[in-house]
Amino acid sequence: MMFKVPRGTKDLLPEETKSWQAVESLIRETCRLYRYEEIRTPIFEQTELFTRSVGDTTDIVQKEMYTFEDRGGRSVTLRPEGTAPVVRAFVEHKLFGLPNQPVKLYYMGPMFRYERQQAGRYRQFVQFGVEAIGSASPAIDAEVIALAMDVYQRAGLENLKLVINSLGDKETREAHREALIRHFEPSIGEFCSDCQKRLEKNPLRILDCKVDRDHPLMKTAPSLTDYLNEESAQYFNEVKAALESLGIAYEVDPNLVRGLDYYNHTAFEIMSTAKGFGAITTLCGGGRYNGLSEEIGGPEAPGIGFAMSIERLLMALEAEGVKLGNEDSPDAFIVALDDRSRREAVRLLGELRAAGVTADMDYLGRKMKAQMKAADRIGARSVIVIGEDELEKGSASVKNMAEGTQELVPFGEIAKTVKQIS
Ligand code: ATP
Ligand code: MG
């Protein structure tokens, strides 16, 4: 029987982990600049955390969660997203009591959603996200958006589009909700069964429906923008002004509503406009979630964050032809010609590595020519040859591969010589 990687997941072989690691370091470095610190929460949580916070009319809760009963009869769920766990940890560990507010956190790790497999959509994927909790200043909304844009730009992407919208506050949402119900109710029979359920529970979700997106009533639906009260409109204006002062271009899309229930005020998405990026163009989504902390039993703690998957970031890099994480060729490769030389090679290899030299040797007992070929293939900058003659002299021949020169070097000085060549 042959086993295969589960549907919707993938193995990352060394060829790919190189670019993953490059992206991961760039993300950590950017977070350090903006002073966001890493938080790591468990891979699974109590199911109710997600049904309460993400919302039971959302795609995630309705059809995408990996939920199961553990042996103790508790319902647990593999985390489908990062915000609810982070806010849960924020509340549980009373981070609202820390002297430094807002609390600025980032996470990076696997998320799980039972989705139909397609390009850019996996059942296990890695999300990087940030959460700034404890401030209701529009300036921090702009900071969070800037951080996301910065990650993409530092990675080398050029074809990016930032789209923002305001979902307003509770009052705004309530007025808009009434208008949506009035708009859709007479023809709700023409919509999918999910939308029919959404009409009463959360009509805003209808606008985000992937099945009925081309229904004519979608285009004429009442826009949130027309229902923003003065306070919400003012807030939105300040976010836009802060983006402008950071020199970040954006488009306002009044139809942008995010997939999760807990958003209010600022919502945003970053898309790739690269040719050949495919049907899914969203790289990153985020928004403000004032009220989420209270929803899960915490104190008032307004927050904003975003999440992006590394998979889609790498897809965008590929579409733009950007390569990250160059080959790292070793400083040295040891070619040993007989058993005694091989024993010396083992010792020397230990010494080189202790001195910080990246080095390798032949482990297949190959002939000299094949060993030289192996050294060449991995791009070794120097090749150290040990044979009977060399052993006699307590030295090895060190070959500078770039220049084609060669010299006899006493064993004690090989590390130094190789470092000079690299
Ligand atoms: P979509 O509309 O594409 O389903 P979403 O609203 O479900 O997106 P979010 O929950 O906001 O997405 O997740 C934020 C980001 O995580 C997305 O913009 C995308 O980059 C990434 N993402 C979401 N689902 C997947 C997945 N199944 N595979 C890979 N990346 C994903
Ligand atoms: Mg989705």
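Modeller: Let's start with a cut-off: a residue is buried under 20% relative accessible area, exposed over 50%, and partly exposed in between (1.4 Å probe, protein chains only). One caution is that this is a predicted model, where local features need pLDDT of at least 70, side-chain atom pairs count only at pLDDT 80 or more, and totals for chains, interfaces and linings use all residues. For bookkeeping, residues are numbered from 1 along each chain as its sequence is written, chains are lettered from A and ligands numbered from 1 in the order in which they are written, and side-chain values use heavy atoms, with hydrogens and water left out.

Colleague: Okay, try me on Asp362: buried or exposed?

Modeller: Buried, because its relative accessible area is 3%. Asp362 sits in the loop between β13 (359-361) and α13 (368-377). Those labels are DSSP runs numbered from the N terminus: helices are H or I with at least four residues, strands are E with at least two. From Asp362 to Thr77, 285 residues away along the chain, the C-alpha atoms are separated by 47 Å.

Colleague: And what about Thr266, buried or exposed?

Modeller: Thr266 counts as buried because its relative accessibility is 1%. You'll find Thr266 in strand β9 (residues 264-272).

Colleague: Into which domains is the protein chain divided?

Modeller: Domain bounds come from an automatic or database domain assignment. Here that gives domain 1 (14-169 + 229-319) and domain 2 (332-421). Taken over C-alpha atoms, the two centres are 49 Å apart.

Colleague: Now the ligand. How many residues surround ligand 1?

Modeller: The general idea is that a residue is near a molecule if one of its heavy atoms lies within 4 Å of it. For ligand 1 that gives 16 residues, and the closest are Arg113, Glu115, Arg121, Arg258 and Leu283. Split by class, the shell has five nonpolar, five polar and six charged residues. The classes put Ala, Val, Leu, Ile, Met, Phe, Trp, Tyr, Cys and Pro in nonpolar, Asp, Glu, Lys and Arg in charged, and the others, Gly among them, in polar.

Colleague: Which polar side-chain atoms lie 3.0 Å or 3.2 Å from an oxygen atom of ligand 1?

Modeller: Here we look for polar contacts, pairs of N or O atoms within 3.5 Å; within protein, one must be able to donate a hydrogen and the other to accept it, and residues adjacent in sequence count only if both atoms are side-chain atoms. Gln127 puts a polar side-chain atom 3.0 Å from a ligand 1 oxygen, and Lys210 has one 3.2 Å from an oxygen of ligand 1. There's also a backbone N or O atom of Tyr122, 2.8 Å from a ligand 1 nitrogen. On its own ligand 1 has 600 Å² of accessible area, and the protein covers 90% of it. Such areas come from the Shrake-Rupley method with a 1.4 Å probe; for residues, only the protein chains shown count as cover. The elements giving two or more residues to the shell are β6 (124-133), β10 (282-288) and β11 (303-309). β10 has the largest share, four residues.

Colleague: How many aromatic pairs does a search of the whole structure find?

Modeller: Rings of Phe, Tyr and Trp (its six-membered ring) pair if their centres lie within 6.5 Å; planes under 30 degrees apart are stacked, over 60 edge-to-face, and the rest tilted. The search finds six pairs. Phe128 and Phe306 are edge-to-face because their planes stand at 75 degrees, with ring centres 5.6 Å apart. That pair bridges strand β6 and strand β11, across 178 residues of chain, and Phe128 and Phe306 are both buried. Phe184 and Phe191 also make an edge-to-face pair, because their planes are at 85 degrees, with centres 5.4 Å apart; both are buried. Ring pairs also link Tyr106, Phe128, Phe268 and Phe306 into a cluster.

Colleague: Backbone next. Which residues does a cis peptide bond join?

Modeller: Gln101 and Pro102, with omega about -5 degrees. Pro102 is in the loop between α4 (83-92) and β5 (103-112). Lys94 is also placed in the loop between α4 and β5, and its phi is positive, near 50 degrees, though it isn't a glycine. Lys94 is exposed because its relative accessible area is 55%.
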